[in-house]
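The sequence and structure come next.

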Amino acid sequence: MTTTLDRTANRALTPGLPARLSLTPKTTLAGPLDGAWWPRSRDLAAELPALVDALEGRWGRITRVLVNPGRWPVVPHKVAVTGHVLHAGWFTEQDPDKIILLSYTTGRCDLLVIPPETDPASAARLMTAAALPGSVLAAGALMSGEAATGRRMREARSSESAWESEGGAGPAPQPQPQPQPQPRPTTHPAVGARMIPLPGYTGR
């Protein structure tokens, strides 16, 4: 199967746009990830310059990037970034939801890669989760957890829609009027349907 990538169309979306990125705070609580990246396309050559620009202030000059080719239709050998050339490589054994960036000065930066087509609410949850200091969740575990969360939310919305379509959201029943207590009649002997007092009865 051959994948055709329209580089011109993808790059038209990315010039001048900052990388959508979340990074873990600088702390001694190191986890398997240093944050998350939400690219706007699957054109690696078009997406990397903005990512490298955002990271070099913290990680120093980034010289190499490693990805899993299963998420990127084309993995170029070299990518021109601000001031230098970045070398790119790929490994099929690498977590497909992760990108590794290597720096001469700081070492490496491991980021969760959020698919470009992800809806904003889901992407926001993933970016927050990946940047939690001390988190032990790897990229694949975060993606699996978010997929499960998305399924639960869709099922809840589906159940709510079905409930409403069956009349469950109709007007609340109105309270029924309560019977009022009847006043107790004054005690008199009754004859037929008339009330007559006894002779000499004073009503005490």
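Is Lys98 buried or exposed? In this predicted model, Lys98 is buried, since its relative accessible area is 18% and the cut-off for that class is under 20%. Lys98 forms a salt bridge with Asp110, with 3.2 Å between the closest N and O atoms, and the pair links distant parts of the chain, Lys98 lying in strand E6 and Asp110 in strand E7, 12 residues apart. Asp110 is buried as well, with a relative accessible area of 5%.

Asp110 also meets the side chain of Arg108 in a salt bridge, at 2.6 Å from N to O; Arg108, however, is partly exposed, with a relative accessible area of 44%. A further salt bridge connects Arg125 with Glu146, whose closest N and O atoms are 2.6 Å apart. Because Arg125 lies in helix H3 and Glu146 in helix H4 (residues 139-165), this pair ties together parts that are 21 residues apart in sequence. Arg125 counts as partly exposed at 31% relative accessibility, whereas Glu146, at 11%, counts as buried. Salt bridges that share partners join Lys98, Arg108 and Asp110 into one network, and the structure as a whole holds 5 salt bridges.

## The sheet and its packing

E4 pairs with E5 (residues 84-90) in the antiparallel sense over 4 bridges, and Val81 stands opposite His84 in E5. The two strands form a hairpin with 2 residues between them, and Gly83 in the turn has a positive phi of about 85°.

## The chain as a whole

The protein chain has 4 helices and 9 strands, which follow the pattern α-β-β-α-β-β-β-β-β-α-α-β-β when read along the sequence. Of its 204 residues, 33% are buried, and the accessible surface comes to about 13100 Å², with 58% of that area belonging to carbon and sulfur atoms. Among contacts between residues at least 6 apart in sequence, 64% join residues at least 24 apart.

## Confidence in the prediction

The average pLDDT of the protein chain is 80, and 69% of the residues score at least 70. Over residues 1-14 the pLDDT is below 50, and this stretch has 18 contacts in the model beyond near neighbours in sequence. Residues 187-198 likewise stay under 50 in pLDDT, and for them the model has 11 contacts beyond four places in sequence.

Note on methods: Residues numbered from 1 in each chain as written. Heavy atoms only, no water. Buried < 20%, exposed > 50% of the residue type's maximum accessible area, 1.4 Å probe, protein only. Contact = heavy atoms within 4.5 Å. Areas by Shrake-Rupley, 256 points an atom, 1.4 Å probe, with all protein chains shown as cover. Pairing = 2+ DSSP bridges. pLDDT = per-residue confidence, 0-100. Salt bridge = Lys/Arg side-chain N within 4 Å of Asp/Glu carboxyl O.
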